[in-house]
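Me: I'd like to talk through the charged side chains in this one. Could you start with whatever I need in order to follow how the helices are labelled?

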Amino acid sequence: MKLIDRPESCIDFNSNYEILYNFDNFPIFMGITEQKPKFDQFETMEWIINKKNGMIQLRKLIPLNVLYSNTHTPGTVGKIWEKHHKRFSNFIKKSEPMSVFEIGGNSGLLAQNYLKSSNVNWTIVDPAAKKNNLNIKIIKDFFRQKNKISKLSDVIHSHTFEHIYYPHKFINLISKKISMNRSMIFSVPNIKAMLINKYTNALNFEHTFYLNEEVIEFYLKYYGFAIKEKKYFLKDHSIFYRATKVSKITPIKFEHDQYNENKILFMKFVNFYKDEVKFLNNKINGFKGDVFLFGAHIFSQFLISFGLNSERINSVLDNDLKKINKRLYGTNLIVNQPNVISKCNNCAVIIRAGVYNNEIKKGLNKINQNITFL
């Protein structure tokens, strides 16, 4: 597999960078698989930091047709995601869009939430988009130059911007296609808060650059968008933006030097997990019962990459029924429903699932109150 080389800064295209940290032999897909382990693919996550502006990004990128050859159903399971979709849907309604062009709609859950109470023409462009019972136009493709956006349409995207390999091109294309005074309304993960809180789903083969608020707002201003509203969903999950197209492209400079701040933040994350995995290995090696790992996702893959003793893990637990009895990509671990621990008298569960930790623990305690959480 030939990787895509991206040494130029996602902010200003200069290549004055240094290597920040390498995760060797990391699984390229953050989900489950039914294929044999010998077909799993691994690459080095080479994180670099720009010496001029502090942008952290992956230098080597997985080709999109490989990275997204399967979907890991993001944002479809759990009460927090349900609340996110409802809150973001209500955030969109305040703008009263006449027509919606959604980039990266995938499951269609956002559109379904919105169309329960409002009737607008809704188009989704996403290579993995699925047909549903609602009257939604589906374009199964990546967002491209050939896509036509109605003059009446607002552009919507939710947890899509952070997946874009070339953010300048992405926002530039939206800016050129959207009509003046129409809005781009979007939700992005609060990646800075995630890194501060040591969440392992912040940066990976899909989230390939450090999209903090200063960077987001730089792109918006550069491409003629004025921020009309900004709202946080939880302290460490998402940020909602409504930005209206008010001018032509106005090239500006990124005025922030975030090199020291970003480097310290990223390396604190790395060093935390080096110590955390040593702690976990000591705990599970001395534990007399069965040990489970929660999350058939990037959370578990990161722990294993840092050296978690996976041979001591019985299986991976996950609430997504579509993952059950399949294998966590890049490992030999099979995925089970959480109810397999219902009659376990002495079992431990490792949970490092970021903002979802408390929701998961409450669900597991309903199944078995005697669980030891590590």
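Reply: Helices here are DSSP runs of H or I with at least four residues, and they are numbered from the N terminus. Please keep in mind as we go that this is a predicted model.

Me: Okay, which residues gather in the patch of positive charge on the surface?
Reply: The patch brings together Lys79, Lys83, Arg87, Lys231, Lys362 and Lys366. Two elements, α2 (79-93) and α9 (357-367), each give two or more residues to this positive patch.

Me: And which element has the largest share?
Reply: That is α2, which supplies three residues of the positive patch, the largest share.

Me: What about lysine 366, where is it found?
Reply: Lysine 366 sits in helix α9, and it counts as exposed because its relative accessibility is 70%, where the cut-off for exposed is over 50%.

Me: Switching to salt bridges, how many are there?
Reply: The count comes to 16 salt bridges, the rule being a side-chain nitrogen of Lys or Arg within 4 Å of a carboxyl oxygen of Asp or Glu.

Me: What does aspartate 5 pair with?
Reply: Aspartate 5 forms a salt bridge with lysine 60, and the closest N and O atoms are 3.8 Å apart. Aspartate 5 belongs to strand β1 (residues 4-5) and lysine 60 to strand β6 (residues 60-61), so this pair ties together parts that are 55 residues apart in sequence.

Me: How exposed are those two?
Reply: Aspartate 5 is partly exposed, with a relative accessible area of 35%, and lysine 60 also counts as partly exposed, at 27% relative accessibility.

Me: Now glutamate 213, which side chain does that one meet?
Reply: Glutamate 213 meets lysine 230 in a salt bridge, at 2.5 Å from N to O. This pair links distant parts of the chain, with lysine 230 in strand β12 (residues 225-233) and glutamate 213 in helix α6 (residues 213-222), 17 residues apart.

Me: Is glutamate 213 buried or exposed?
Reply: Glutamate 213 counts as buried because its relative accessibility is 19% and buried means under 20%, whereas lysine 230 is partly exposed, with a relative accessible area of 32%.

Me: Last pair, what about lysine 322 and aspartate 320?
Reply: Lysine 322 forms a salt bridge with aspartate 320, where the closest N and O atoms are 3.5 Å apart. Lysine 322 is partly exposed, with a relative accessible area of 49%, while aspartate 320 is buried, with a relative accessible area of 4%.

Note on methods:
Residues numbered from 1 in each chain as written. Predicted model: local features only at pLDDT ≥ 70, side-chain atom pairs only at ≥ 80, totals over all residues. Heavy atoms only, no water. Patch = residues over 30% accessible without salt bridge, like charges linked within 9 Å, V, L, I, M, F, W, Y side chains within 5 Å. Areas by Shrake-Rupley, 256 points an atom, 1.4 Å probe, with all protein chains shown as cover. Lys, Arg positive; Asp, Glu negative; His and termini not counted. Charge placed at Lys NZ, Arg CZ, Asp CG, Glu CD. Buried < 20%, exposed > 50% of the residue type's maximum accessible area, 1.4 Å probe, protein only.
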